[in-house]
Amino acid sequence: MIKFPHDFFWGAATAAHQVEGNNVNSDWWEWEKWVGLKETSGLACRHYELYKQDFDLAQALGHNAHRFSIEWSRIEPEEGKFSKKELEHYREVILSLKERNIEPVVTLHHFTNPLWFANLGGWQNNLAHKYFLRYVERVVDALADQVRFWVTINEPMVYVYHSYILGAWPPQEKSFLKAKSVTDNLVRSHIYKKKNLATVSVSIAKNLQAFEPCDTTLRNKFATYLRERSFNFAFLNKLARHKALDFIGINYYTRSLVAAQGWHLKNLLLDTGESKQPPLKKNSLGWDIYPQGLYNLLLKLKRYNLPVFILENGICTGDDNLRWDFMYEHLRNLGLAMAEGVRVLGYIYWSLIDNFEWDKGFGPRFGLIEVDYNTYKRTVRESARKFSEVCKTGYLGNGTNK
Ligand code: FCB
């Protein structure tokens with residue numbers, strides 16, 4: 001049995017574009033139509049209207065934290081024109097959480113951009129950080145009195161990888177050079193932000209992957225080292241050097257098996273393969289379930305000497321028992337890392353409700369709460385009830401939550 005600290009944060013996350021619906025001024029909205037995505041975000045989960053109902057469920061499940069994102073394209077639908085009405089909406093969202101004794105954890109950028117910003121070159125524009133800062137200042141002026149935990153940028157390297165290396169997400173570029181300049185601009189944006197948000201606790205949500213070589217060849221060992229450095233730690237290291245992190249926000253889902261087919265940088269950084277070991281269980285998108293990876297990575301974070309906040313960890317599956325196994329094993333590994341001295345502030349599951357999984361549409365079911373996309377009815381899953389016991393008691397492996 002594992003006992004978590006009494007002031008531990010427990011909760012679940014969402015992101016604006018994935019749940020709100022009708023994000024008509026964002027680059028993703030435009031892109032969905034432009035590429036003819038089979039399932040477009042449309043009304044998503046109608047969370048923009050139904051958020052109070054969703055927060056009632058979170059409260060009943062014993063959550064004392066909730067992570068969500070503010071949609072830049074709602075706040076600033078046209079360049080330099082800020083919407084008071086939308087700022088007021090997010091203030092109400094935050095106050096609704098606080099009324100329910102749920103700590104808001106607010107993300108300022110979660111993959112989507114205003115269309116006007118994308119049309120100016122998006123994150124490739126060397127003034128990107130200035131545009132972003134102007135938006136952040138508005139948000140901070142309106143909301144910082146109510147929010148302690150801020151996340152400037154969600155998964156910068158996942159964004160760079162999908163949008164500028166793989167070419168899978170808007171703006172569908174495939175260029176290491178562009179990826180590098182976008183990364184630099186994202187780093188700059190965060191550092192600026194930190195100055196602005198001096199009195200609160202600020203971080204990013206850094207996706208970490210458990211990179212492992214698929215065999216013991218020198219090439220794969222070297223490629224693993226390179227990926228761990230560039231994908232997992234380079235961004236964090238830059239921010240840490242600037243003293244621009246108050247805690248380390250991490251998102252953890254899976255491992256990635258390194259199988260470089262050659263010595264070119266492209267091979268070393270991108271090629272993946274299968275393990276010679278028996279396969280691990282997978283989520284419905286085919287990602288390996290690898291809870292020990294969380295433990296290993298948490299121990300590596302000790303060197304920053306900052307508290308860690310798990311801002312996303314979750315599984316998409318049609319098998320809710322597998323969801324609870326996944327959560328249980330990740331929480332157990334989290335407990336083990338904490339027993340080794342890793343300071344952790346809280347655990348936020350991805351996601352509170354089923355939602356729009358980017359280019360994959362509505363198929364993957366990550367929610368603690370099921371969403372019926374015909375009626376928008378919410379149904380609490382059994383795994384959510386088991387997690388709820390952990391949230392309410394602070395004990396894992398106690399009573400029915402085994
Ligand atoms: C993370 C994203 C989040 C969600 C999960 C499944 O990379 O931050 O929006 O899509 O993956």
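**Rings in their setting**

Modeller: Let's start with the contacts: of those in the chain with a separation of 6 or more, 77% are between residues 24 or more positions apart, where contact means heavy atoms within 4.5 Å. Bear in mind that this is a predicted model, where local features need pLDDT of at least 70 and side-chain atom pairs count only at pLDDT 80 or more, while totals for chains, interfaces and linings use all residues. Numbering runs from 1 along each chain as its sequence is written, and side-chain values use heavy atoms, with hydrogens and water left out.

The chain has 14 helices and twelve strands; these are DSSP runs numbered from the N terminus, with helices being H or I of at least four residues and strands E of at least two. Its radius of gyration is 20 Å, close to the 21 Å from the globule rule for 402 residues, so the chain is as compact as a globular protein of that length. (That radius is taken over C-alpha atoms, and the rule is 2.2 Å times the number of residues to the power 0.38.) Of the 402 residues, 60% are buried, meaning under 20% relative accessible area, with exposed being over 50% and partly exposed in between, for a 1.4 Å probe and protein chains only.

Now the rings. There are 40 aromatic pairs in the structure. Trp 116 and Tyr 131 make one of them: their ring centres are 5.6 Å apart and their planes stand at 75°, so this pair is edge-to-face. (Rings of Phe, Tyr and Trp, the last by its six-membered ring, pair if their centres lie within 6.5 Å; planes under 30 degrees apart are stacked, over 60 edge-to-face, and the rest tilted.) Trp 116 comes from helix H6 (residues 115–119) and Tyr 131 from helix H7 (residues 128–143), so the pair links distant parts of the chain, 15 residues apart. Trp 116 is buried at a relative accessible area of 12%, and Tyr 131 is buried too, at 15%.

Phe 247 and Phe 309 give you a tilted pair, 5.9 Å centre to centre with 55° between the planes. Phe 247 is in the loop between helix H10 (218–241) and strand S7 (248–258), and Phe 309 is in strand S8 (residues 308–312), so the pair ties together parts that are 62 residues apart in sequence.

Last stop, helix H3 (residues 47–60), whose buried residues include Tyr 48, Tyr 51 and Phe 55. Among the elements covering the buried residues of H3 are helix H5 (84–99) and strand S11 (378–380). H3 also bends by about 35° at Gln 53, the bend being the angle between axes fitted to the seven residues ending there and the seven starting there.
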